[in-house]
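Me: I have a protein chain on my screen and would like to talk through how it is put together. Could we go through it step by step?

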Amino acid sequence: MKEYFPNKENIKHLGRTCYVDNTLWMAFSGTGAAFTFRGTKAVVTMVADDTAARPGNEENWARVAVYVNGSRVVDAMMDQPRKEFLIFESGQPMDCSVEIVKLSETAMSTLGIESISVDAEEGIHPAAEKTHFVEIVGDSITCGYGVDDEVPEHHFVTGTEDVTRAYAYRTAQALDVDYSLVSISGYGIISGFVGPDEPQKPEQTIPQYYEKLGFSYGKFKGRSPADTPWDFSRQPDLVVINLGTNDDSYTQDYADRQEVYRTAYVNFLKLVRSRNPRAKILCVLGIMGDRLFPVVERVVEDYSAETGDRNIATMKFDVQLVEDGYVADWHPTAVTHGKAAEKLTRKIRELMGWPE
């Protein structure tokens, strides 16, 4: 078998990734790589960040999946510094399409693709780029928080996160577009999630990390994703922003707090526009509560009035239903995510004029 280090000549990047010592580093949910080959065997070697070596840190290990020709052949936790995965073996050469996808979120742990070894005469090749590219910015809902744990009283662990079962990833699949997900559980525009009578958490906000590779409590080969600027050279056709669920835990019905959210959101839209000058922007909210959606509508109106930018729209999700169940910490089930993906897919097709 021949060993390849992942690079732009032989793999396609999924989401925000970068290279550290010839290793492809993955932080945000849904990040990874896609490639093709014709051969008889393939092995992928992955490496974990320093969270894998911390005693008692099982709840925060990175979770990763590998798909071969659309079937998930690996679903693993990075519980060791380095792991090898035999992803394909056959007695006869076969055409294979491979996708490596980080299922868990950036905050708790990151990982890297160190090498790809194949028994294939022509080596590995990048998967083809899709016609369109969509970025989705969000929180735990976008990450697929707890979607594999259908006990709502249970709490967060990375092992029950699966971004591929969540609305954002499923929307990208339905649209057949390339995607980038920028999401961290518990984060908002002005505050992270707070309990009753708890103070604001301004340190848990997405805008401060929007221009970065991510945010994590772990380090990968001594580096933090929050210290790694993101290269916006590939421009999305559309940026979807789904932020406000965690802010609502703080703003509640307080008009003054909602005004702070409105002002900060307008400023965030200016940042997003500065980095994505040609993209349509779609602001959405509502899966775990829609109290702030009228404020989101005002945000878009005020932003457009101030900047003259009309390349922006809103959409309200349907609030999750009791009969569709709940998963960990009362998050949406795969059923609810499916309904949300269908609604968002329809809206995007209408907004962008993309055919079915």
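Predicted model: local features only at pLDDT ≥ 70, side-chain atom pairs only at ≥ 80, totals over all residues.

Me: Happy to start with the overall fold. How many helices and strands does the protein chain have, and what is its radius of gyration?
Reply: Let's begin with the secondary structure, which comes to six helices and 15 strands. For 356 residues the globule rule gives 21 Å, and the chain comes close to that, so it is as compact as a globular protein of that length. The radius of gyration is 20 Å.

Me: What share of the residues in the protein chain is buried?
Reply: A residue counts as buried when its relative accessible area is under 20%. Applied to the 356 residues of the protein chain, that gives a buried share of 59%.

Me: Which residues touch the most other members of the largest nonpolar core?
Reply: This core has 37 residues. Strand E13 (238–241), helix H4 (255–275), strand E14 (280–285) and helix H5 (293–307) each give two or more residues to it. A second, separate core of 32 residues includes Leu14, Val134, Tyr169 and Leu282. Back in the largest core, the residues that touch the most other members are Val137, Ile241, Tyr265, Phe268 and Leu269.

Me: Nice. Is cysteine 96 buried or exposed?
Reply: Cysteine 96 sits in strand E8 (residues 82–102). Beyond its neighbours within four places in sequence, its contacts are Phe35, Thr36, Phe37, Val68, Asn69 and Phe88. Its relative accessible area is 2%, and the cut-off is under 20%, so cysteine 96 is buried.

Me: How far apart in space are cysteine 96 and glycine 70?
Reply: In sequence, 26 residues separate cysteine 96 and glycine 70. From C-alpha to C-alpha, the distance in space is 9.5 Å.

Me: What covers the buried residues of H2?
Reply: Helix H2 runs over residues 167–175, and its buried residues are Tyr167, Ala168, Tyr169, Thr171, Ala172 and Leu175. In an α-helix there are 3.6 residues a turn, so residues three or four places apart point the same way. After H2 comes aspartate 176, with a positive phi near 60 degrees. The cover over the buried residues of H2 includes E8, strand E11 (133–138), helix H1 (140–143), strand E12 (178–183) and helix H6 (334–352).

Me: One last thing: how far apart do the centres of the positive and negative side chains lie?
Reply: The protein chain carries 37 positive and 54 negative side chains.

Conventions
Residues numbered from 1 in each chain as written. Heavy atoms only, no water. Helix = DSSP H or I, 4+ residues; strand = E, 2+ residues; numbered from the N terminus. Rg over C-alpha atoms; globule rule 2.2 N^0.38 Å. Buried < 20%, exposed > 50% of the residue type's maximum accessible area, 1.4 Å probe, protein only. Lys, Arg positive; Asp, Glu negative; His and termini not counted. Charge placed at Lys NZ, Arg CZ, Asp CG, Glu CD. Core = buried A, V, L, I, M, F, W, Y, C linked by side-chain atoms within 4.5 Å. Contact = heavy atoms within 4.5 Å.
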